[in-house]
Amino acid sequence: MTTVHNLPQYDHITTPRLEDLQHSILGSNDRLVAVDTETTGLKWLNDKAFGVSLAWDNQAAFIRNTDFGSAQIGVLMTELFKADHKVFVFHNAEFDLHMIRETYGAYPPKNILDTLRISHLRNSKPPHGLKELATQAFGPGASAAENTIKAYIKEYKLKDYSQVPNEFMDPYACMDTVLTKAWAHLYMDEVKEAYPKLFQLEHMLIPIILEMEHQGIKIDLDYIDILHRQYKSEQRSIQDEIYKIVGRPMEVSSPKQLQSYFYDQLGIKPPRETAGGGRSTDETSLQAITHPIGSKVAKLILRWRSIEKVDTTYVQPYQNSARNSRLHPRWNAMGTITGRFSGSDPNLQNIPADEKVRRIFIPDREFFDFDFSQIELRMMAHASQQHSMIESFNAGTDLHAYTASLIFDTPPDQVDKDQRQIGKRLNFGAIYGGGSKGLARQCHVTQTQARTFLNQLWDAYPIMKGWIERTKRNAERDGYVKTLHGRKIPVLAEDSFKAPNYLIQGTAGDIIKISLVKTAQYVKSVGGRIRNTVHDQILFDEIDESSIEEIKEIMEDFSFSMPVTVEMKRSKESWGDLIHE
């Protein structure tokens, strides 16, 4: 049970002079200084800070642009951030540091502590919001000021926090930094002692992520416009083809019209129901339709939907989010329970491996894409110590072909494309906990065949099977798993089947973060940029030819039971035109 501590008390400095604040903060006894911005919105590209809250020792102050001017506040923040003897504490550091740079022209301090990162390392399961964490630690009084603010905004229909009167806004802003500093004091030593290397790693990522987000990545707006028009034209052609088959206009995006056509007009039995008991027309349902005419229409609808998804998820948002032909997305280092990155504004983590879409992204000079080869499968082999898998990797054999050769009793060099695909599905199914039903659907075989394949997989890799079962049992008993780098990931007893996946995914996430830190340090020394990281790859720009081997060596510098290998592709045209040399 979490101990509830007394709400921290502080002196609110209501009429500060900036010179006195600087002197008081730099001469404070506590090494920690908490910083928080109050802003007109949540996007640093468009919004600005209207004030900065600071907490030091047992004091706090909120300084407004309207009282001091953003230029003078910028001078203060620059002077404070020069102080090597202070550690500046933020909750979600990148957000506030972007706002401080854009509004006040002050660049990040050397010593940064992020309570969001501390919270995630302590327990990666949400919540990680400051108010939720503070309420758990200090009781309901920690959120009293915010409740007052929200009630005031709602009552008077205010546009944003900058319109809230000082007598309400200032105590709220000060309390944010007081709570941030107090929470850091409660837990930072505990977390740093438990996870010293991960603690350092996560904080070393802050300036790297800040730079990636600030620099952004260039996109081809003319190409986006062409691609959007191509997609719309293809969708119209699909609709025309559906009209010819159906014999009347049909709104492809209308579930009711699809239900009427498939289940009423054609008399097809609905393959599945919606959560509300209705007749489903989702992807799985349409894929299951075997009617001679209905299946043709279903395939056309699925194609129409796939185009619509790409256009509305990637093409149009990229066009709308661009600033001077660049995207400035967010990379959320604490965005997933396993410690892997997530993305937003827009999300570059979920970009499909579609050359058309990836051609949107163009280099400033030349892209160099370094991609870990089968990193999750290598970590599975290492973690489980399945000797045959390890030997396959050490011999440079294609593991998917190797697995297929064991399943089909065929030499690896004689495995055909379809057999290799089944081997691939089986390998990844082992990590993700896939069953026979999903495997049957993915490989277009019967469930009985899929069950046979899975049994053959476990016969081929018995040590891995034993490790998977032990990992599940241990997670059910302990309530967590640990990555190979020691990151603790909570697992509910009823979700113990996810434990092997969490461990492998989390380990791969740790590897990409370590590689980001090491390659960023190198790239900074030789001149170059990191433009993106997606799952197990890092995209570089503006590096010299002479840097290729060094970056490859840095990314492959891990000690496991088999080599970690990186494949490099490059292009001066776009991310969708990458080629091996």
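Residues are numbered from 1 along each chain as its sequence is written, and side-chain values use heavy atoms, with hydrogens and water left out. Because this is a prediction, local features need pLDDT of at least 70 and side-chain atom pairs count only at pLDDT 80 or more, while totals for chains, interfaces and linings use all residues.

Let's begin with the sheet. Helices (H or I, at least four residues) and strands (E, at least two) are DSSP runs, numbered from the N terminus. Two strands count as paired if DSSP finds at least two bridges between them. By that rule, 6 strands make an open, mixed sheet in the order 1-4-3-2-5-6. Strand 1 (11–12) and strand 6 (112–114) sit at the edges with a single partner strand each, so one side of each has no neighbour in the sheet.

Now go through some of the pairings. Strand 2 (residues 32–39) and strand 3 (residues 49–56) run antiparallel and share 7 bridges; threonine 37 has valine 52 of strand 3 as its bridge partner. Valine 52 also has a bridge partner in strand 4, namely isoleucine 63, and strand 3 is joined to strand 4 by 6 bridges in an antiparallel arrangement.

How well covered is strand 4 (residues 59–64)? Buried means under 20% relative accessible area, exposed over 50%, and partly exposed in between, using a 1.4 Å probe and protein chains only. On that scale 5 of the 6 residues of strand 4 are buried. As for helix 4 (residues 93–104), it lies across strand 2, strand 3, strand 5 (87–90) and strand 6, and runs at about 70° to strand 2. That angle is taken between N-to-C directions, from 0 to 180 degrees, with axes as lines fitted to C-alpha atoms, for helices over the stretch in contact; contact means heavy atoms within 4.5 Å.

Aspartate 57 is in the hairpin of strand 3 and strand 4, which has 2 residues between the strands, and its phi is near 45°, a positive value in a residue other than glycine. Aspartate 57 is partly exposed, at 26% relative accessibility. Asparagine 92, in the loop between strand 5 and helix 4, also has a positive phi, about 70°, without being a glycine.

On to the charges. A salt bridge here is a side-chain nitrogen of Lys or Arg within 4 Å of a carboxyl oxygen of Asp or Glu, and the whole structure has 37 of them. In one of these, aspartate 176 meets lysine 131 with the closest N and O atoms 2.4 Å apart. Aspartate 176 is in helix 8 (residues 166–194) and lysine 131 in helix 6 (residues 130–138), so the pair ties together parts 45 residues apart in sequence. Aspartate 176 is buried at 6%, and lysine 131 is buried at 13%.

Which parts does the salt bridge between glutamate 202 and lysine 513 tie together? The closest N and O atoms of this pair are 2.8 Å apart. Glutamate 202 belongs to helix 9 (residues 196–215) and lysine 513 to helix 22 (residues 499–526), so the link joins parts 311 residues apart in sequence. Glutamate 202 counts as buried at 0% relative accessibility, and lysine 513 counts as buried at 0% too.

There is also a salt-bridge network, made up of Arg326, Asp364, Arg531, Asp541 and Glu542. Within it, aspartate 364 and arginine 326 meet at 3.2 Å, N to O. Aspartate 364 is partly exposed at 36%, whereas arginine 326 is buried at 15%.

Further stops include helix 11 (residues 255–265), whose buried residues are Leu258, Gln259, Tyr261, Phe262 and Tyr263. Their cover includes helix 10 (221–246), helix 12 (283–287) and helix 13 (294–321). Just after helix 11, glycine 267 has a positive phi of about 70°.

Finally, look at the cis peptide bonds. One runs from proline 126 to proline 127, with omega near 10°, and another joins aspartate 345 and proline 346, with omega about -10°. Proline 127 is in the loop between helix 5 (115–122) and helix 6, and proline 346 in the loop between strand 10 (342–344) and helix 14.
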